[in-house]
Amino acid sequence: MRRWFHILGGLFCVTGVTFVAMRLYGYAGQIDISVFSFSKCLFLCMLAAASGLIDIINASSWWHLLSFLGVKTDWRWALRVYGIAGLGKYIPGNIFHLAGRQAMGMAAGLPARPFINSMMWELGLKVVCGVIFGFLVVPLRWPTFSSWSALILFLLIVGTLFTVSRRLFSPLIARAFLLQIVFLGFSGWVFVWVMSLVASSSVSWSCFPGLGGAYVLAWLAGLLTPGAPAGVGVRELVLLFLLAGQIAPAELLLAVVLGRVVTVFGNLFYFMIATLLLKSGDSG
């Protein structure tokens, strides 16, 4: 069954990439690359750097999960392992970044089972947090439900789950949950800024929560699709579906493609930080 799920995920990946490529070709005449001045290109580079730095929040969440499971490691060591293994998600299969973390943990003499459990906890938290962001998308489909109402509902749910997880499990789990929320929130924020560069006339401040929520839902779909490396194709396909009718098709397509470019370079930037700047001290 796992093999067939990976084959199906791979087909979704190929279908998504093909669909985006065909749409990009179809709208090629409407996409004006000349609008990207030097300042806009520089801002895109800054967003890519920000995307890489945001991953530190993600790694910190994982470090809290390791602590909850009894594995005491140096914070910088956890960030280094997370960053170096992170590029493995671009290998077809969508699991090699996890395998890389597992291998590096065992190489450091740490017990294998808590590492496996930490990844299960991490996946569970990502799913829960991703679903919560779905409430921010509601105003895009039902305008009668205001963005402010969606944002208040979102914050109430986050606050409630933080309190429940703190009392039911551990303050470490509550912190890991909150860090995941912050990570996804900043990730959505980066995408919205990319969107604003492409379609400034269509993106207002009131749209920011909904557009960010749509990005997170698309990211979650890519995460849960087996066989799609880093959700390639799947994330773009879901974004095009969720935001159809909100943004002009040509602008939306360009923003989706640029968003992927920013994310890839962000991951590469974090990998460089992990490799060059974070020294591999003791894991204990």
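A residue is called buried when its relative accessible area is under 20%, exposed when it is over 50%, and partly exposed in between, with a 1.4 Å probe and protein chains only. At 2% relative accessibility, E122 counts as buried. This is a predicted model, in which local features need pLDDT of at least 70 and side-chain atom pairs count only at pLDDT 80 or more, while totals for chains, interfaces and linings use all residues. Residues are numbered from 1 along each chain as its sequence is written, and side-chain values use heavy atoms, with hydrogens and water left out.

The chain holds eleven helices and zero strands, where helices (H or I, at least four residues) and strands (E, at least two) are DSSP runs numbered from the N terminus. Of its 284 residues, 46% are buried.

Two helix pairs share α8 (residues 171–198). Their axes are lines fitted to C-alpha atoms, for helices over the stretch in contact, and the angles run from 0 to 180 degrees between N-to-C directions.

| Helix pair | Axes come within | Crossing angle |
|---|---|---|
| α5 and α8 | 9 Å | roughly 50° |
| α2 and α8 | 8 Å | roughly 170° |

Helix α2 (residues 38–68) is therefore roughly antiparallel to α8, whereas α5 and α8 are oblique to each other; angles under 35 degrees count as roughly parallel, over 145 as roughly antiparallel, 65 to 115 as roughly perpendicular and the rest as oblique. The passage of α2 over α8 is a left-handed crossing, and that of α5 over α8 is right-handed; a crossing is left-handed if the near helix is turned anticlockwise from the far one by less than a right angle, and right-handed if clockwise.

Within helix α5 (residues 112–133), K126 and E122 lie four residues apart, which means that about one helical turn separates them. Their side chains meet in a salt bridge at 4.0 Å, N to O, the term standing for a side-chain nitrogen of Lys or Arg within 4 Å of a carboxyl oxygen of Asp or Glu. By this rule the count comes to one salt bridge. Like E122, K126 is buried, with a relative accessible area of 6%.

A nonpolar surface patch of about 470 Å² is formed by V261, F265, L268, M272 and L276. Patches are made of residues with over 30% relative accessible area and no salt bridge, like charges being joined within 9 Å and nonpolar side chains (Val, Leu, Ile, Met, Phe, Trp, Tyr) within 5 Å. Accessible areas come from the Shrake-Rupley method with a 1.4 Å probe, and for residues only the protein chains shown count as cover.
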